[in-house]
Amino acid sequence: MSKTRVVIALGGNALQQNGEVTAEAQKAVANKIGEIIVKLSEKYEIIIAHGNGPQVGNILVHEENASTASAPAMPLETAVAMSQGQIGYWLAQAIDNAFARNRQRKKVISVVTQVVVDRNDPAFRHPTKPIGEFYDEKEAIHLTKLRGWEMREDAGRGYRRVVPSPKPIDIVERKEIMSLVQNGTIVIAVGGGGIPVFRTKVLKVLKGVDAVIDKDLAAAKLAELVKADIFVSVTAVPCAYLNFGQPDQIALGMLTPREVIEHIKSGHFGVGSMLPKIQAVAAFASKKRVGIITNPDNLELALKRRSGTIVQEM
């Protein structure tokens with residue numbers, strides 16, 4: 001009997017708890033995730049996606065501050081690839097070690113993944129995704145002139161660089177990922193939303209482009225392409241809420257994609273927080289599959305439909 005195939009998208013902040021940013025602190029969190037994945041692998045085929053917001057921001061800081069004529073800073077698309085290697089290594093090792101501690105053995109692999117976008121996506125004309133450090137207004141103006149960055153004030157905390165966030169339309173390594181999953185391998189893929197690439201019109205060759213793809217949209221696209229049964233967006237809260245953070249907040253349990261759309265129209269989900277997650281989950285569920293939003297502690301129960309926000313056609 002074949003197992004249920006699940007794509008689990010971990011938030012970029014999932015590895016950075018209580019403000020801890022050292023490698024060892026993030027590895028410790030990865031170890032906890034590894035134990036969860038080992039337990040779930042008894043019943044499910046698992047593909048793991050992950051965010052990279054804090055990590056790629058730190059990589060860019062190091063690249064830019066250490067840049068010289070002989071060792072220039074790497075571009076954003078390459079920094080995304082670097083973050084995939086970093087986080088993929090932590091997660092793959094954590095899962096492999098968790099199997100070893102349980103005296104089990106299962107194949108785990110992290111795949112450096114390229115995600116195809118449309119070079120004419122409107123996002124390239126209207127950058128919206130904040131990355132990297134905060135700057136004061138004077139520094140922001142200087143960086144705009146020096147590096148050509150587009151800078152934007154971020155919620156009263158200062159100015160940050162904003163970059164395009166185009167929609168994912170295909171995944172270059174999707175066939176290889178599917179083959180690995182079918183062979184019983186736990187796969188880590190589309191890290192940080194994937195490395196953004198486009199195909200040239202004439203030769204159809206791939207070229208990287210400086211952008212950041214939303215990790216939930218990329219993970220949902222992967223779930224669609226590998227024919228997953230369930231897509232889970234793992235975040236800091238146990239479920240999605242109406243009126244989040246207010247005295248009258250309401251936890252959302254079972255929903256249809258149509259109900260999600262109505263809640264979105266009513267403005268219930270934050271643009272930089274829950275909105276992309278609920279959109280990705282609902283889009284996947286509309287294809288007669290199951291979409292879930294939950295946190296790590298409730299992941300197992302949510303997969304059994306006993307916790308979290310569950311989106312599916314009724």
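1. Arg-199 has Leu-206, in strand 11, as its bridge partner. Strand 10 (residues 195-199) pairs with strand 11 through three bridges, antiparallel; pairing requires at least two DSSP bridges between two strands. Strands (E, at least two residues) and helices (H or I, at least four) are DSSP runs numbered from the N terminus.

2. The model is predicted: local features need pLDDT of at least 70 and side-chain atom pairs count only at pLDDT 80 or more, while totals for chains, interfaces and linings use all residues. Residues are numbered from 1 along each chain as its sequence is written, and side-chain values use heavy atoms, without hydrogens and water.

3. The open sheet has four strands, ordered 8-4-10-11, with mixed pairing. Strand 8 (170-171) and strand 11 (206-208) are at the edges with a single partner strand each, so one side of each has no neighbour in the sheet.

4. Val-205 lies in the loop between strand 10 and strand 11. Its relative accessible area is 38%, so Val-205 counts as partly exposed (buried is under 20%, exposed over 50%, partly exposed in between; 1.4 Å probe, protein chains only).

5. Beyond neighbours within four places in sequence, Phe-269 has contacts including Tyr-241, Leu-252 and Ile-278 (heavy atoms within 4.5 Å).
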